Amino acid sequence: MRKEFSLAVALVSAMAVNGVSAQEPGKGERIEVTDRMEPVNPDWFTGTGWLEMTVTDTDTFGVSVANVVFEPGCRNHWHKHPGGQLLIVTGGVGYYRERGKPVRVLRKGDVVAIYPGVEHWHGATPNTWFAHMALGTNPDAGPAEWLEPVGDEEYYNLEK
């Protein structure tokens with residue numbers, strides 16, 4: 001019970017501190033990027049995005065939390081987390097895809113539970129901004145393993 005309570009407190013605190021826009025972004029509307037965010041690592045992302053690690057004390061909370069904003073067309077590469085990951089969509093419209101499965105369109109309020117070791121990627125649609133909180137679960141299992149980029153042909157033909 002204590003771990004669940006700590007996780008809830010960490011998540012609510014991270015969302016309150018980050019200034020994620022309360023306005024639901026529409027097509028082409030920009031999501032707020034705070035001055036606490038840094039550009040995403042271009043070795044792991046295609047396109048422009050920003051990231052802020054909001055909870056890093058994994059010894060206390062048993063989870064890491066990041067606020068991530070993607071410009072239209074931005075997506076991360078295929079990757080997997082040995083301890084799993086949770087995504088909580090905070091704005092815009094985005095994609096989530098597991099290897100070998102159809103794409104899932106994500107909207108504000110959606111939650112994605114990604115099981116340990118599942119290869120996946122996530123990011124904005126070609127025409128909309130996208131934001132989520134990413135919770136790295138079971139951090140003692142190790143860091144994410146980054147794989148190949150999601151190619152343009154795959155990305156731009158997801159819904160066809």
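Which residue forms a salt bridge with R97? I'll come to that after two notes on the model.

This is a predicted model, in which local features need pLDDT of at least 70 and side-chain atom pairs count only at pLDDT 80 or more, while totals for chains, interfaces and linings use all residues. Residues are numbered from 1 along each chain as its sequence is written, and side-chain values use heavy atoms, with hydrogens and water left out.

Back to R97. Its partner is E154, and the closest N and O atoms are 3.3 Å apart. A salt bridge here is a side-chain nitrogen of Lys or Arg within 4 Å of a carboxyl oxygen of Asp or Glu. E154 sits in helix 3 (residues 152-155) and R97 in strand 7, so this pair ties together parts that are 57 residues apart in sequence. Helices (H or I, at least four residues) and strands (E, at least two) are DSSP runs, numbered from the N terminus. E154 has a relative accessible area of 26%, which makes it partly exposed. On that scale, buried is under 20% relative accessible area, exposed is over 50%, and partly exposed is in between, with a 1.4 Å probe and protein chains only.

The count of salt bridges comes to 7. Next, R99. Its side chain meets that of E119 in a salt bridge at 2.7 Å, N to O. E119 is in the loop between strand 9 and strand 10 (120-124), and R99 is in the loop between strand 7 and strand 8 (104-107), 20 residues apart. R99 also meets E148, at 2.8 Å, N to O. E148 lies in the loop between strand 12 (145-146) and helix 3, 49 residues from R99. Shared partners join R99, E119 and E148 into one network. E119 is partly exposed at 24%, R99 at 37%, and E148 at 37%.

Now the core. A nonpolar core is a set of buried Ala, Val, Leu, Ile, Met, Phe, Trp, Tyr and Cys residues joined through side-chain atoms within 4.5 Å. The largest one has 15 residues, and those with the most contacts inside it are F70, L87, Y96, L106, V112 and F130. Strand 4 (63-70), strand 7 (85-98), strand 9 (111-114) and strand 11 (130-137) each supply at least two of its residues.

What is L87 in contact with, leaving aside neighbours within four places in sequence? Among its partners are Y96, V112, I114, H132 and M133, where contact means heavy atoms within 4.5 Å.
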